[in-house]
Amino acid sequence: MPQAKTLTPAEIEKVLHYIASKPNAQRNRVMFLLTVWAGFRVSEVAGLKICDVRNPDGAIRAEVYLSADRVKHGHAGVVYLNERLQQELAAYVVSRNWHDEEQALFCTVAKPRKGFSANTMTQHFHYLYKRAGIMGGSSHSGRRTFITTLANKGVSVRLLASLVRHANI
């Protein structure tokens with residue numbers, strides 16, 4: 001299987017511009033930014049619940065803990081959310097009505113209280129890139145972009161592996 005495409009800054013802007021022009025823009029923007037700015041896998045984005053990102057006092061967390069049963073290969077870990085991502089999440093969270101803390105963070109239009117499956121989220125990203133005109137974009141492109149961006153800034157391979165919850169480098 002070929003490596004996922006790494007997005008350029010211009011391509012990220014192109015995707016964000018496309019998202020802004022469509023229904024569910026705020027939801028789709030945050031889903032996309034979680035992959036690009038925090039390195040989430042799309043299956044992890046699909047599995048997020050409101051309680052994963054919001055403290056009991058309503059504040060957005062700076063870290064999201066993903067238990068072993070919720071991640072690929074069972075490698076539990078913490079995903080760190082930068083301040084910009086926390087602000088994006090805060091704006092999204094206050095824009096919606098939440099029925100309980102276990103509710104899916106990102107719900108489908110067809111089932112407003114039911115979250116995306118990992119497969120549906122993967123398809124969503126495939127068509128998002130295709131319709132935005134990003135050739136070769138896949139559900140893994142955001143995560144690969146996150147990793148490549150940090151590597152290009154000189155982040156050590158060991159720290160990168162830890163940040164993206166890889167067992168080895």
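Tutor: Start with Glu88 and Arg29. Their side chains form a salt bridge, with the closest N and O atoms 2.9 Å apart. The term means a side-chain nitrogen of Lys or Arg within 4 Å of a carboxyl oxygen of Asp or Glu. This pair links distant parts of the chain: Glu88 lies in helix α5 (residues 83-94) and Arg29 in helix α2 (residues 25-38), 59 residues apart. Helices here are DSSP runs of H or I with at least four residues, strands are E runs of at least two, and both are numbered from the N terminus.

A word on the basis: this is a predicted model, where local features need pLDDT of at least 70, side-chain atom pairs count only at pLDDT 80 or more, and totals for chains, interfaces and linings use all residues. Residues are numbered from 1 along each chain as its sequence is written, and side-chain values use heavy atoms, with hydrogens and water left out.

How exposed are the two partners? Glu88 is buried, at 19% relative accessible area. Arg29 is partly exposed, at 28%. Buried means under 20% relative accessible area, exposed over 50%, and partly exposed in between (1.4 Å probe, protein chains only).

The structure holds five salt bridges. Another one of them joins Arg41 and Glu44, at 2.8 Å from N to O. Arg41 is buried, at 9% relative accessibility. Glu44 is buried too, at 2%.

Lys49 and Glu102 also meet in a salt bridge, 2.9 Å from N to O. This pair spans 53 residues: Lys49 sits in the loop between α3 (42-47) and α4 (50-53), and Glu102 in the loop between α5 and α6 (118-132). Lys49 is partly exposed, at 24%. Glu102 is partly exposed, at 47%.

Now the nonpolar surroundings. The largest nonpolar core has 41 residues, and Phe32, Leu34, Phe40, Leu105 and Phe106 touch the most other members. Such a core is a set of buried Ala, Val, Leu, Ile, Met, Phe, Trp, Tyr and Cys residues joined through side-chain atoms within 4.5 Å. Helix α2 gives the largest share, eight residues. In soluble globular proteins, nonpolar side chains tend to be buried together.

Beyond its neighbours within four places in sequence, Leu34 is in contact (heavy atoms within 4.5 Å) with residues including Phe40, Val45, Leu85, Leu89 and Phe106.
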